[in-house]
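Work through the exercises below with the sequence and coordinates at hand. Each task is followed by a stepwise solution.

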Amino acid sequence: MPVDRLKLKERGYLPTQEVHILSATVSERAGRWFVSVQVEEEIKKPAPTQGKVVGVDLGVANLATCSDGRRYPNPRALQQVEKRLRRLHRQLSRQQKGSQNREKTRTKLARTHFRAANLRKDSLQKVTSAILAKTKPARKRPRAVVLEDLNVEGLLSNHRLAQALADVGLAEFRFQIEYKAGWYGSQVRYADRFFPSTKRCSRCGHQQELRLAERVYSCEHCGLVIDRDLNAAMNLEQLFYP
Ligand SMILES: [Zn+2]
């Protein structure tokens, strides 16, 4: 392949000093072109953090709810793209195999999937950074983050699109939290998959059933009335202190 120059639209993205550039790879996805640059940089070992432990409940309406009360809603742009994705999937299933219209829908679908993936990653990047990195001073960053375990069996057997999308987000969230925790000196803990983070009362430990539509946890034992997701996040936080 001939070596030539490439004009980039972005400016200021490429690392210049401090890092050693190893290689660059050009690739294409859904009609767009990308250059990925491999760099080598020494990251200093982070100082131990002394901040509070944060339990994080991941959901659909709210992407993440933290035990300290912070909430990160699912961005509207992403919800809209996911709606469009569902519509295109239905459209595709009605179109005749081998037809031109079907091919057009396939192209649209690939682009939309790509856009959804980018939006999802971007919003997750913002949330995981907000949870782990943004606290000042640095030593006040969370000592640990506690998350629910991922149901891997469910992930593999689930064919419903909405659920599949939510699971993709969950896996990406964990991935980001883990590597950022490494950068910032926090620990990551997981609840085991049978931990009743939703059913348990975060004040008294009583357990009761909760329907999916119930957004508020009202404890029958101690009378605590609390947002369902916040209660779950607080239960996760408490797992850190056995
Ligand atoms: Zn209670």
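**Exercise 1. State how much of the chain is buried and how its elements are ordered.**

Step 1. Of the 242 residues of the chain, 33% count as buried, where buried is under 20% relative accessible area, exposed over 50% and partly exposed in between (1.4 Å probe, protein chains only).

Step 2. The model is predicted: local features need pLDDT of at least 70, side-chain atom pairs count only at pLDDT 80 or more, and totals for chains, interfaces and linings use all residues. Residues are numbered from 1 along each chain as its sequence is written, and side-chain values use heavy atoms, with hydrogens and water left out.

Step 3. Five helices and nine strands are assigned (DSSP runs numbered from the N terminus; helices are H or I with at least four residues, strands E with at least two). From the N terminus, their order is β-β-β-β-β-α-α-β-α-α-β-β-β-α.

**Exercise 2. Describe the zinc site and classify its geometry.**

Step 1. Cys201, Cys204, Cys219 and Cys222 coordinate the zinc ion through their SG atoms at 2.3 Å; donors are N, O and S atoms within 2.8 Å of the metal (3.2 Å for Na, K and Ca), and because water is not among the atoms, sites may look incomplete.

Step 2. The donor angles run from 107 to 113°, so the arrangement is tetrahedral (four donors, all angles between 85 and 135 degrees).

Step 3. The donor spacing in sequence is C-x2-C-x14-C-x2-C.

**Exercise 3. Which is Cys219, buried or exposed?**

Step 1. Cys219 has a relative accessible area of 7%, so Cys219 is buried.

Step 2. Cys204, at 33%, is partly exposed, and Cys222, at 27%, is partly exposed too.

How values were computed
Tetrahedral: all angles 85-135°; square planar, octahedral: opposite > 155°, others 65-115°.
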